[in-house]
Amino acid sequence: MKTTKFPVDELRGLEIFEGLSDDELTWFSEHGMGFELETGEHMIERGDPADYMFVVVRGTIDGYEEHGGQWLVVATTGRGKVTGMLPFSRMTHYPRYVVAVEPSQVLFVHKRDFQEMLSVSLEVGQRLVASMSDRVRGDVRLEQQQEKMVALGKLSAGLAHELNNPAAAVGRAAATLSKHLAKLPESMSGLMGQHLDEAAIDAIRQLPTLARPGESATLLPLARAEREEALGAWMEDHHVTDGWRMAGTFTDSGFTVDDLQEFSGKIPAAALGDALVWIEYGLVADGVVAEIASSAERISSLIDSVKTYSHMDRSVEHKLTDVREGLDNTLKMLGHKIDKKGIRLERDYEKDLPEVQAHAGELNQVWTNLIDNAIDAVDEGGVLRIEAKPDEHGIVVRVIDNGPGIPEQLRQRVFDPFFTTKEVGEGMGLGLDIALRIARTHRGRIEVHSKPGRTEMRVHLPSGA
């Protein structure tokens, strides 16, 4: 950076110095240090001692902070604006690095001169206090937005994971159906060439109606394997081409050797192979259609859960709300994290739980923050328990985990804004602060009770009756 000096006339046109006397402007001209920056030049680095206040005389500078492994622009300061260390600020080190967006000139004022600066110009002092207040509000909004983005990222990952399974199942089913449909003409030609009588055709139509897939689903693995082997051996004995492959389909559909033996007595032996192939294609098609329908229903259910979770199609007014629905939808959104850690989930909801007057979407933010923290707290194979019970004033929701607990010296700080024990990029320390504020806007409260092996977050909400 090149040094320079700023004459009084050049400072007079800046917003922060508007209306100041020549004596006041002279003080800043004499006590401030001027620097010129080229485009892209770094003015300060993150972690540098916070010793200076900066006034942008010409150009624009951007401040960058690291979030989630990426450097993002979090503040832009243009001509006449102030940034850096301000009077009454408790900043010790700059939290971001600052770069010139264009050729810029900046006035540096050292913090050792702040007291004299405030005595020289009370007006500047008042403006700097207002500027610092604006900056604090802006930083809080930014941190809250980042906290929401972190939460959204987690929910998005969960939703993508949950949607991927039924979507992949639809793809597999469609491929299987296409493969079998391509073979149907050949199978039909084989049957037509047998010149079957009406009784044989009726037997072919009737056999698929005897399918019992539910029965097959109840078989133990060993019993299922034995039945499939028996069916494959029977087909081989009856010279059915590709019988060992088809045995799995007939087993899944609940057929036994006795069923096929009875069927074989109703049609010519020469037609048995073609008939079983035709029937097997139909059974596969039925199973594939059922799988597609189930997957589509699962996708629709997930979409409904997202809509209900976010309440994006509902009014923002407080209405009578059943918190059990919100808890279940939140657990569905975070299901991938629960499954990934092999957590045992326990739910205990009172059957006749009173409803509460609430904005359900806001309450779901509370459940998300509390449940996500509990998931993070437990080890692989841990236990997460959700309770919803009535109490003397309304209801109490308990989120309980068997993690290591919260040390006593930290227990009173967990609701403080920006306090977090998570790694950088995993949270901004606003989750519990947001949850507490939402609970209070619903005339409720949150309590924390913790010891090694059991942490319990209690949310008390008044009933809506």
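Tyr 349 of strand S11 has Ala 388 in S13 as its bridge partner, and the two strands run parallel, joined by six bridges. The model is predicted: local features need pLDDT of at least 70, side-chain atom pairs count only at pLDDT 80 or more, and totals for chains, interfaces and linings use all residues. Residues are numbered from 1 along each chain as its sequence is written, and side-chain values use heavy atoms, without hydrogens and water.

**The sheet as a whole**
- Here is the layout: five strands make an open, mixed sheet in the order S11-S13-S14-S16-S15. Strands are DSSP runs of E, at least two residues long, and helices are runs of H or I of at least four, numbered from the N terminus; two strands pair if DSSP finds at least two bridges between them.
- S11 (344-349) and S15 (445-451) are the edge strands with a single partner each, so one side of each has no neighbour in the sheet.
- On average, neighbouring strands are turned by 10° against each other, direction ignored.

**Pairs around S14**
- S13 (383-390) and S14 are antiparallel over seven bridges, and a hairpin of three residues connects them.
- Leu 384 has Asp 401 in S14 as its bridge partner.
- S14 and S16 also run antiparallel, with eight bridges; Gly 394 is partnered by Pro 462 in S16.
- Seven of the eight residues of S14 are buried (under 20% relative accessible area, 1.4 Å probe, protein chains only).

How values were computed. Axes fitted to C-alpha atoms, helices over the stretch in contact; angles between N-to-C directions. Buried < 20%, exposed > 50% of the residue type's maximum accessible area, 1.4 Å probe, protein only.
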